[in-house]
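Welcome! Have a look at the structure first, then try each task before reading on.

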Amino acid sequence: MSARAETWLWIAQRASAGVLALAVVVHLGTVIAAVRGGLTAAEITARLSGHTGWLVFYLVFVAAAAVHAPLGIRAVLAEWTPLGRRGSAIASAILAAALLALGARAALALYLGPH
Amino acid sequence: MPDPRTISVSVWRGAAAGRFVSYDVPLNANQTVLDTVTWIQRHREPGLAYRFACRVGMCGSCAMTVNGTPRWTCRTHVNRVLRDGGLQVAPLRNLPVIRDLAVDMTAFFDKMARARGAFRPAADPPADFAVVAPASRERRAADAGIECIGCAVCHAACDVVAWNPDYLGPAALNRAWTLVNDVRDAGTAERLAAVAGDAGCHACHVQQGCVQHCPKHLNPTASIAGLKRAVARAAIKGEL
């Protein structure tokens, strides 16, 4: 991959790390606050269902994770497996698409509620 | 019972294929690892291949793997690294072995060139001497990395080099960073393009093996981090 493309991927990984740092703090804070009264599916859907703010937050969280994690995995695969650079990039792109699709599906399902 | 006045020095003999051969070497006060290798060559094994020049930590020729750790052997006292009354001396990792303790440094120095490690003057000669304030940010950054002696200890210590032999490595990238901070140099745009990418600064995992082993106590990892920032700035400005 060209030096310019690698550099932009590095910037994307660092920028997504910054987003994740904030998102994880919010997420963990919410989890800690939420489990104080016991954790139930009904409580989670009540909090998230129909709330656009939470939907946007979780979609951003999912997008950051889908950018950040596969870039790290790509380097590990290229160095530690016989996949090579191209194979590792393809495997990571598939992982990115899967994380994005599954994460967005979960966020949307909670937003739309149990109906 | 082993003679307390001697130490057992186990030395690699051969090239990529070979074996360790042990020699009993007289123990002396203030003896360096290089002294023991020299003693073996002079008294036991005239054909032993190894490399050294200055013997005072300036030239960077004598690096070897001592008890599994890359070191400059001329400034490493035996009593500091002795393990169970002996030493194991092997050639540096991550470079092809020519014979015994001598490695082929070609790839290492080629990487310096690939990282644009040579000063590039501006096309028009300046009218006067460049004034470089010693306290300026650039000069301090260059000073921090400038004392590299090119011994390849960091290159041997780096796992990323082991995994990706194309990776420029800590020494070449550190050299590039000193020139990026040289206000007289005119080759930075080209240099940043040369050091970016998956065989350049972006391959570094910040494990800091180079920092731990550099005999000059330099911090190539910090230099590489500086390059990552400089390359990112150039990319954002569309200059990469």
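## Exercise 1: One residue in its surroundings

Thr65(B) has its place in strand β3 of chain B. Keep in mind that this is a predicted model.

**Task.** Decide whether Thr65(B) counts as buried or exposed, and list its contacts beyond four places in sequence.

**Solution.** 
- Step 1: Count the C-beta neighbours of Thr65(B) inside 10 Å, which gives 21.
- Step 2: A residue is buried if that count is 20 or more. Thr65(B) has 21 such neighbours and therefore counts as buried.
- Step 3: Leave aside the neighbours within four places in sequence. The contacts of Thr65(B) are then Pro70(B), Ala90(B), Pro91(B), Leu92(B), Arg93(B) and Ala156(B).

## Exercise 2: The hairpin

**Task.** Find how many bridges join β3 to β4 in chain B, and which residue in the turn has a positive phi.

**Solution.** 
- Step 1: Locate the strands: β3 covers residues 63–66 and β4 covers residues 69–72 of chain B.
- Step 2: Follow their directions. The two strands run antiparallel and are joined by four bridges.
- Step 3: Pick out a bridge pair: Ala63(B) has Trp72(B) as its partner in β4(B).
- Step 4: Look at the turn. Two residues lie between the strands of this hairpin, and Asn67(B) in the turn has a positive phi of about 50°.

## Exercise 3: The sheet

**Task.** Give the strand order of the open five-stranded sheet in chain B, and explain why one side of β2 and of β4 is left without a neighbour in the sheet.

**Solution.** 
- Step 1: Read across the sheet: the order is β2-β1-β5-β3-β4, with mixed pairing.
- Step 2: β2 (18–26) and β4 of chain B stand at the edges with a single partner strand each, so one side of each has no neighbour in the sheet.
- Step 3: From one strand to the next, the twist averages 35°.
- Step 4: Turn to β1 (residues 6–14) of chain B, which pairs with β2(B) in the antiparallel sense over nine bridges. Here Gly14(B) stands opposite Gly18(B) in β2(B).

## Exercise 4: Two packed helices

**Task.** Describe how α3 and α7 of chain B pack, giving their angle and the distance between their axes.

**Solution.** 
- Step 1: Two packed helices are described by the angle between their axes and the distance between the axes.
- Step 2: For α3 (residues 106–114) and α7 (residues 169–180) of chain B, the angle is about 30° and the axes are 9 Å apart.
- Step 3: That angle makes α3(B) roughly parallel to α7(B), because angles under 35 degrees count as such. Their crossing is right-handed.
- Step 4: Name the residues that meet: Lys111(B), Met112(B) and Arg114(B) from α3(B), with Gly169(B), Ala172(B) and Arg175(B) from α7(B). By class, this contact has two nonpolar, one polar and three charged residues.

Definitions and conventions: Residues numbered from 1 in each chain as written. Chains lettered and ligands numbered in written order. Predicted model: local features only at pLDDT ≥ 70, side-chain atom pairs only at ≥ 80, totals over all residues. Pairing = 2+ DSSP bridges. Buried ≥ 20, exposed ≤ 12 C-beta atoms within 10 Å, placed from the backbone. Contact = placed C-beta atoms within 7 Å. Axes fitted to C-alpha atoms, helices over the stretch in contact; angles between N-to-C directions. Parallel < 35°, antiparallel > 145°, perpendicular 65-115°, else oblique. Left-handed = near helix turned anticlockwise from the far one by under 90°. Nonpolar A, V, L, I, M, F, W, Y, C, P; charged D, E, K, R; others polar.
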